[in-house]
Structures are given as structure tokens and as C-alpha cells.
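Subject: Structure handover, salt bridges

Hello,

The structure you asked about is below. My notes on its charged side-chain pairs follow.

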Amino acid sequence: MKRSPLTLQRQLFGSLANSAFTLALFALLVWAGWGVLSWAFGSAQWLVLRANAATLTIGRYPDAQEWRLWLLLGMLTSLAGVSWGRLRGLNNWPLNDRIAALLFVISAVLLPWLLAFGAINQLRLIFLVLLLLLLRQWSGGAWSKAFGKWWALVWGITYVFGLWLIAGGLGLPAVRPSDWGGLVFTLLITSLTLLLALPFGVLLALGRRSGLLLVRWVCVAVIELIRGAPLITLLFVGQNLVGFLSPNGFAPDRVWRATGVLTVFAAAYLAEAVRGGLNSIPMGQQEAARSLGLSSVQTMGLVVLPQALKVALPALGGQFISLLQDTTLLSIVGLFDLLGIARSVLSNPDWLGRYAEVYLFLAVLYWCSCAALALGSRALEKRLATNYS
Amino acid sequence: MQPTKQLMVQAKGVQKWYPNGFHVLRGVDLEVFRGEKVVIMGPSGSGKSTFLRTFNALEDYQEGSIVVDGMELNNDLRNIDAVRREVGMVFQQFNLFPHLSVLDNLLLAPTWVRKRKREDVIQQALSMLERVGISEQAYKFPGQLSGGQQQRVAIARALCMEPRLMLFDEPTSSLDPEKVREVLDVMRLLALDGMTMVVVTHEVAFAREVADRVILMDEGQVVEIAPPDQFFNHPKHERTQRFLAQIL
């Protein structure tokens, strides 16, 4: 018997009951959408965002040092533009990026206006987006292929340079970590934790499979102890107990303590994802590699781990998204991440009761960041796919 | 045969127990000479694959001794590494590296183990692929190839290390019947080139044509060693006769 495919029309209006249900849901959606829109353009007071845009973005970072963040943003934009162009040159680049380019242009024009960034910042942002799009256009060419090998290194150096720009020292006036805040702080601590936690997680996963009993026990203990405790309790331990136990002045800054706790926490979960990947690689792969004369380290690094990480990539991507969202807990232990700075804005008597506006804005920002991570890991999955069988 | 026979493999009284206590090798002796082709047959569970895998230390053993190309396989890890560099192995499941292109599968060991430059070995790798008849697939991934093609790549990959001894562990057992021939043809060519080969297989025609000696293993022991003509036509042992009656 041949079954005709279920068209959208048949799914929605196949029977009397279906039609009634569809219409009822549609009415509900219209009603809810109307409510949101009439609030957004009617009674909502968006001034709270305009007045605090800088605070939400960079926290209590000193105004006089703001140029450092702009410089960093400019460097990251340039690198991103070149990387974008290089990725586009690959034949299996999966995204239709005209839409992405359009989104960048729109947000460069619209966001500063909505948030009242001021004319100078507006011009800066437009310049940056132009730079991004131009580099994207140019960098498919030969000159970027020529130093393709070194590109990852350029990113790495820029990242370290960026940390120095933000923190200062060595010539620049230092900005204490506790004065960092807002979106910049959230992105910084997320990326730092992610970069530290991945290698640590891989080591934990390898240790858990090690033949050395002591190594294995230690790794199992670390992983299971950390996975057995809620992140918030670990953060409190890091913020209070560590400071309490160490002699005065010896405890690292609260930001670094939080970074450490987040790193270890994320590593424990990443380790389990990596272990799943490792378990999925058949023994034959190791045997083939060893029979060719590769050492056990080479076998792991060149044959087993690349495949295992590929298998684990969807799970790893999920963990990265969780990590970004987990940084909101830092606001509870008194750090000024995006959520923390928003709470401090809302506690100002001037902005009493503007919860909906601020939290909606945060939700959209977080959603965009998480969506970007999800898209990135999906694109990477597609790019790495080599199994056609 | 050469006037002076040089030993390639010398196994004496090899005994192995699996961790669960199963006595899988019960005192196996075998000598393989340079340039010789030895085919090992036997029912499943006879220990023939396990025995073959002791030659490059993929399996350890508890008693006896194995010397490969003058190097004893003992607890000295340097010897094990040295032997593995000189001994190529082809597996039943091909075991190509699916995340690397065919060419990179071939180049991995020469560049990382022999520390040779990629540009220097690329020509050798391509000519090796030509030798096994799939040079046009060099830039594909293993998952895009048929089983027979994959096994030929696996042979080429082992040959890129210029081994002195090639081990084949049931190389055609997981292939579709019509793909078996293309793999055996490559192995015949290799035999004609004078490669020393130890082959665990059920392919009687191949054994008759290529082997210098055929071995029957059963229950962890060598039952019979004879030239193929004698092995297949006038086997001495009752166990060999029974085995042949089942497979012929």
C-alpha cells in the first residue's frame, strides 16, 4: 500500500478535531504575541538598557582604559574576518553566510542606536563590521593559504595578548579582575574555562582508562566527586573556604578562584563525554597503529583521540553551551558577570521594577551566544565527517 | 630456496594462557625462513590467529621464546618497537584509519615512525597504491571504498614501512566473495616479489599455489607441517584429514 506523505496542510487540518485544535492554538499564539508586542512598544521602558548599556557590556571597567577593549575587539574582528573567509573557501562549508553577513550589518547599525551608544561608538562598530566583511572577502586568496599552518597560532597569541590587554600589568595600568564585568567578563571567563577544561578533561578521560591503578583511582575519584556536587556549592567552597583557609593575601583573586572551580567542574563532565568517544573506537585501530610501529603516545594522539573527539563532539558542544549558562551562577557568589551586573543595575533605585526589560534583553543575548556555539559545533561536525559507509 | 636458509621467525615452545585461564597456545614451535611463504590453517578457536599475533607482540605469551629477524620478543619494549617496524600486518577487519585519507593512512607510519619528510615518501606511497591497483583513490577516505579496496589499501599501508615480514590474519574472511580475488591477487604479486609471508587463511587454492609449507593448528598445537601438495593430497595425521574433509 502506498502512503501519501503527510503535508503540512494534512497535519494541521486533517480532521475536524485537528482543525479545531490548530485554530485554537493559533488564536493563543496571536493573543500571546499581541500581548508581548503591545508591552514591548507600549508600557515597556527601554531607557534602563540605554542608560546602562556600557555597564552591561564592560561592567566597572575604568572609562579611561576603555580603548583597550576596543583594540581587542578590533583584533578579534580582524581574525574572525580572515577565518571566516578561509572557512568559506572550503568546499564543505555548510552555512549560507549571506544571512550572517546581513545580520552583522543590521546589528551594527541598529544596536548602537537602540542602546544609545553615542555617535563615536556607533562609527566604531560600523567600521568593525566593514572590516569583518572586507577581510572575509579578501582572505579566501593565496596569501592567507600561504600561512594557513600558522593561523591557529595567530589566534592563540592574540588570545594571550587579549588577556594582557584586559588585565594590564607589564607597562599598562593594571585593572583588577574584580573590576571586570558584564558581557566582556562572561565571554572572557567562558572562553578561558573552555580552553583550560578541554585538555584537562581529555587527561582525566585518559587517566580513567589508564592501566596504572593509582592514576585511574585518582581520576575516577575526581570525576565522580565533582559530578556528585552541584556547581553552586563548589563555587561557594571556592569563594569562601579557600579564602578562609589560606593565609591572608595568599588566596588568588576571587575571579581566578571561580575560574578554577568552573574549569574543574567542566573538565569532569567533558571527561565523561570524551570517555564515551574513546570507548567507541574499536581495538583494531590501536592494534593497526601499534603494528605499524607507532608508539603508544603516537597511537593515542594520531589515531585514537582524533576519532574519539569527533565522536564526542555533539556531547562536547552541549557541555560548552552548559558552561556558558553556568557562568550565570557567578552572580550568586557576588561576581559581576552579565547576570550579576544586571542585578546590580536593577538594585539601583532609579531603575526599580524594570526586571522584564533587562531580563528579556539578557535572555536574547544568552540565546544568541548559545545559538552561535551550537551552530559552530554543528558546522565542525559536518566539516570533520569522513564516514560515508 | 636460497643455499643458506636465513631464519626470519623462530618460535620455540610458545605457551599462552588467557587471563581467564584458558590455555590457548600449548607449546608451539615454528621456523619461518627468509623468502618463505607459510600458510596456517585450522578450525576456529585453534589459536592460529593468536599465534600469528605473537609475532609482532600484539599478544604476549608466558613461556617459550619467539625471535623475529634476530630480535627476541621479550619484556624489552625497545625490541618490540624494533620488531613492529620491520613486520607488517594485515587484519581481517582492515583497520584503516577512517579519519585520514587513503594517502594519509599510508604516510602516517613512514613520517612519524621513520621520521621521513612527507614530500619524500609521497611518491613511494602513490606507487604503492598503483601496485595494489587503486592509485585513483588516493585522496578518498576509507569509508568511501569497497571492502576489497580497503584491504588492498591496508596491504599498501603495511608495505610503505618496507617490512621484511608480512603477517596476514584472515585477510579475506570479511570480504564479499567477489572481492576476495582482488585481494588474493595482490598477495600473489607480493609473494612473487619474494616477500616473507605468514598467512592465516581458509583459502585452499591460495595455499596450494603460493605456500611453501602449510600448517594445521588445532587446540593450541601444531598438528602437521607439510608442503601444500603433501598437506592437501596425502595428509599424515587423522586430524588433518578430518579438517580437510570438512573444508574441501
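A salt bridge here is a side-chain nitrogen of Lys or Arg within 4 Å of a carboxyl oxygen of Asp or Glu. This is a predicted model, in which local features need pLDDT of at least 70, side-chain atom pairs count only at pLDDT 80 or more, and totals for chains, interfaces and linings use all residues. Residues are numbered from 1 along each chain as its sequence is written, chains are lettered from A and ligands numbered from 1 in the order in which they are written, and side-chain values use heavy atoms, leaving out hydrogens and water.

Over all chains, the search of the whole structure gives 25 salt bridges.

In chain A, a network of salt bridges links A:Arg208, A:Glu224, A:Arg227, A:Glu272 and A:Arg275. Within it, A:Glu224 pairs with A:Arg227 at 3.6 Å, N to O. Both sit in helix H10 (residues 213–227), three residues apart, about one turn of the helix (helices, H or I, of at least four residues, and strands, E, of at least two, are DSSP runs numbered from the N terminus).

A:Arg227 also meets A:Glu272, at 3.7 Å, N to O. A:Glu272 belongs to helix H12 (residues 254–279) and A:Arg227 to helix H10, so this pair ties together parts 45 residues apart in sequence. A:Glu272 is buried, at 16% relative accessible area, while A:Arg227 is partly exposed at 32% (buried is under 20%, exposed over 50%, partly exposed in between; 1.4 Å probe, protein chains only).

In chain B, B:Arg34 and B:Asp69 form a salt bridge at 2.8 Å, N to O.

Regards
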